[in-house]
Amino acid sequence: MESMYFENGTLFVLDQTKLPNEIEYFTPKSKEDYYYAIKSLQVRGAPAIGIFAGYAMALLNEDKQELKKYLDSARPTAVNLSYATERVLKAYNEGKNPLDEARAIHLEDIEMCRKISEYGLSLLKDGDGILTHCNAGELATSKYGTGLGPLLLGKERGYTFHVYSDETRPLLQGARLTSFELEKAGVDVTLICDNMASLVMKQGKINAVLVGTDRIAANGDIANKIGTSGVAILAKHYGIPFYVLGPYSTIDYKCKTGDDIVIEERQADEIKNMWYEKPMALPETKCYNPAFDVTDHELITAIITDRGILRPPYNVSLESIKDND
């Protein structure tokens, strides 16, 4: 299922806030539409956000520099967002067709996902039990995905996996999106609450953990959906490989360590009210709702990019694939 597609001069985007119960595409028209779609998670997943923002830069008749700043502020932790807006801005300033650049970002993402999926699948065995956290499949990208890519590619090639999908509170991406994608693809999936991950690991049901990422620091620290670092700590304790899958574009070489990553804090309503018929806490109850946390590089078994499988020390292996420019 495509997260978005461009047809006859119009961008069609899947509204992920309505999944899994409704499948509905919308067509953003104004800069406010694009900003809201990113901020409200109608579009989510670092690569998908980048593709979407690239089209926004190309299609909107706005001051491109100001538009870039406006869009970048919607989700500051996702480096693909600023990466894509910068690419289209550069193309525009050089007198090139910005739509060609936006479409190139989209096509490159498809190829990126295929490469990551191939590399990731090489680390898995038929019959493996896999734990996932958040959502990093086709909904978050363009094709196959990053964290889910090896599972979807493996299914096409006859592999049998059993996936345990963390629900991923408070936005329930694992429940609403990952489980949805895997069910539709025919992959055996079991939904679990986030706090059940330790038990299924202890019971020997997990052979590997696969997660995507929104930003990779130069030392290998990563930012991903809140709760990822806890899963990594558990995997380390039980001796289970913890694999991070993300495109080269998520590597932020200017960000030296995870301490330099800006963590987006979201509204309390997502904890107390969203997805519930009635509030789950009193109106006066304070909430702390960071969207991401940082996973230390020492907890990561390998970082899988479209440029290969990287092993520790990550400051060396990440530097080895860096573009010279």
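Student: What does helix H2 lie across?
Tutor: This is a predicted model. In it, helix H2, residues 46-59, lies across strands S1 and S2. The helix runs at about 30° to S1.

Student: And what order do the strands come in?
Tutor: The order is S1-S2-S3, in an open sheet of three strands with antiparallel pairing.

Student: Which ones are the edge strands?
Tutor: S1 (4-7) and S3 (25-26), each of which pairs on one side only.

Student: How many bridges join S1 to S2?
Tutor: Four, and the two strands run antiparallel, with S2 covering residues 10-14. Tyr5 stands opposite Phe12 in S2.

Student: Which residues touch the most other members of the largest nonpolar core?
Tutor: Phe52 is one of them, along with Met4, Leu11, Val13, Tyr34 and Val43. That core has 29 residues. Elements giving two or more residues to this core include S1, S2, helix H1 (31-39) and helix H5 (98-121). H2 gives the most, with nine residues.

Student: New topic: helix H9. Which of its residues are buried?
Tutor: H9 spans residues 228-238, and its buried residues are Thr228, Ser229, Val231, Ala232 and Ala235. They cover an arc of only 155° around the axis, so they sit on the same side of H9.

Student: Why does Ser229 count as buried?
Tutor: Because its relative accessibility is 16%, and buried means under 20%.

Student: What does Ser229 touch?
Tutor: Not counting residues up to four places away in sequence, Ser229 touches Asp293, Val294, Thr295 and Leu299.

Student: Last one. What follows H9?
Tutor: Gly239, whose phi is positive, near 70°.

How values were computed
Residues are numbered from 1 along each chain as its sequence is written. This is a predicted model: local features need pLDDT of at least 70, side-chain atom pairs count only at pLDDT 80 or more; totals for chains, interfaces and linings use all residues. Side-chain values use heavy atoms; hydrogens and water are left out. Two strands pair if DSSP finds at least two bridges between them. Contact means heavy atoms within 4.5 Å. Axes are lines fitted to C-alpha atoms, for helices over the stretch in contact, and angles run from 0 to 180 degrees between N-to-C directions. Buried means under 20% relative accessible area, exposed over 50%, partly exposed in between (1.4 Å probe, protein chains only). The arc is that of the directions from the helix axis to the C-beta atoms. A nonpolar core is a set of buried Ala, Val, Leu, Ile, Met, Phe, Trp, Tyr and Cys residues joined through side-chain atoms within 4.5 Å.
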